[in-house]
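Colleague: I have a model open and would like to learn how to read it. Can we start with the ligand and then move to a helix?

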Amino acid sequence: MYFELTEEQKMIRQAARDFAQAELKPGVIERDELQKFPAEQIKKLGELGFLGMMVSPVYGGSGMDAISYVLVMEELSKIDASASVVVSVNNSLVCYGLEKYGSEAQKQKYLMPLAKGECIGAFCLSEPEAGSDATSQSTTAIDMGDHYLLNGTKNWITNGGTASTYIVIAQTDAAKKHHGINAFIVEKGMPGFTVGPKENKMGIRGSDTHSLMFTDVKVPKENRIGEDGFGFKFAMSVLDGGRIGIASQALGIASGAYELAKQYAKDRKTFGKPLADHQAIQFKLADMATEIEAARLMCLKAAWLKDHGKPYAHASSMAKLYASEVAMRTATEAVQIHGGYGYVKEYHVERLMRDAKITQIYEGTSEIQRIVISRGLLK
Ligand code: CAA
């Protein structure tokens, strides 16, 4: 075993850390308050190559490894999880899916601009009646010969209003159940495609979450990804990698909250000495740091398995389950250490606590991760 990062990985991490301090930190409280999408910051992240991190340079990507992706996600998420979720969805759910399973024409037309950061993508699986139970798709795509006719509604779609390219999962043959599900590339502006209002969320309020409506949208046949009936496996497969991204986002929220709490504990005095001199606070910090280190190792292990072409679904679910629970616990304790100051916006930890909650819900709830993990253990 070798725990040292390469020089290149360290440089990538430093670049993400510097970017988060210089570009994400200013205005993060205001963007959260106003639910403002970090458009300028996302454009710059695209210019840095962080929106197509793992895509081959042949298709406009940066050709980095999944370990670097974890490092970048942690650094960005320490400061602004609303921005980092865009990075995660674009890299894992959209670019990875297109590069691994898309046709050459789909890669040229859709992957290239997404990987270069010229536009962003969205992944549309969830529906009003199909969240965790993802095989129960009500959105239909009827084969009309040279095109599919798409009808239905998707809910809670990250980048819903700002994306240009949408990967939409739909049922093409209900009789075949999940073997009759397909994934389609849908462009913004296709007639019959409407974006609903932005959701007013508890956390990651800067991220752009919408419902989407499809009414008789004509999707060209060549926009189906993979063989007929491959859509459910496509969705599950991209989520395996997506969960590494969200695990790393949770890790970043936890480490961001921990760093703020540690600094506050050194600065703030109570009963004539710094908070950090009280054993009650020292023990909280010790627990936070230990759990964060465990979560980090789990994220890096899942990424290492992916980089080495080994099965990683089990490890990514474990990392997401654990890191998201660590994020929630750590952010809550960080607010506690800050006391009254922790409950107001200027100190950042209340936002991190609100942001942490979504990591236990999206890309598969903690309960879904336990299903995936236990099935893997018992099969
Ligand atoms: N890779 C490839 N194929 C897979 C797979 C994987 N990881 N997991 C399952 N499959 C295949 C199975 O082999 C099976 O195929 P066969 O019938 O041919 O053998 C098929 O998929 C169905 O699998 P299951 O029987 O296990 O299906 P299930 O109904 O029991 O559900 C589940 C499995 C794990 C619960 C799944 O429904 C699931 O992951 N649900 C959660 C969905 C989710 O994560 N949604 C997140 C929305 S996206 C999002 O949040 C993005 C964002 O905005 C940030």
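Colleague: Which element gives the most to the shell around the ligand?

Modeller: This is a predicted model. Here α7 gives the most, with seven residues. The elements that give two or more residues to that shell are α5 (81-101), α7 (231-267) and α11 (366-378).

Colleague: How do I read helix residues that face a ligand?

Modeller: An α-helix has 3.6 residues a turn, so residues three or four places apart point the same way. Keep that in mind when you look along α7, residues 231-267.

Colleague: Which residues come nearest to the ligand?

Modeller: There are 25 residues around the ligand, and Ser132, Thr158, His178, His179 and Arg375 come nearest. By class, the shell has eleven nonpolar, nine polar and five charged residues.

Colleague: Where are the polar contacts?

Modeller: Look for N or O pairs within 3.5 Å. A polar side-chain atom of His178 lies 2.7 Å from a ligand oxygen. Arg375 has a polar side-chain atom 2.7 Å from an oxygen of the ligand.

Colleague: How much of the ligand does the protein bury?

Modeller: Taken alone, the ligand exposes 1100 Å², and the protein buries 73% of that. The space the ligand takes is the largest pocket.

Colleague: Now the helix. Why should α9 span 38 Å?

Modeller: Helix α9 has 26 residues, 313-338, and should span 38 Å because each residue counts for 1.5 Å. Its end C-alpha atoms are 37 Å apart, which agrees.

Colleague: What follows α9?

Modeller: Gly339 does, and its phi is positive, near 60 degrees.

Notes. Residues are numbered from 1 along each chain as its sequence is written. This is a predicted model: local features need pLDDT of at least 70, side-chain atom pairs count only at pLDDT 80 or more; totals for chains, interfaces and linings use all residues. Side-chain values use heavy atoms; hydrogens and water are left out. Helices (H or I, at least four residues) and strands (E, at least two) are DSSP runs, numbered from the N terminus. The expected span of a helix is 1.5 Å times one less than its number of residues. A residue is near a molecule or strand if one of its heavy atoms lies within 4 Å of it. A polar contact is a pair of N or O atoms within 3.5 Å; within protein, one must be able to donate a hydrogen and the other to accept it, and residues adjacent in sequence count only if both atoms are side-chain atoms. Accessible areas come from the Shrake-Rupley method with a 1.4 Å probe; for residues, only the protein chains shown count as cover. On a 1 Å grid over the protein atoms alone, a cavity is a set of points where a 1.4 Å probe fits but cannot get out, and a pocket is an open set with protein on both sides within 12 Å along at least five of seven lines; lining residues have an atom within 4 Å of a point. A molecule sits in a cavity or pocket if more than half of its atoms lie within 2 Å of its grid points. Ala, Val, Leu, Ile, Met, Phe, Trp, Tyr, Cys and Pro count as nonpolar, Asp, Glu, Lys and Arg as charged, and the others, Gly among them, as polar.
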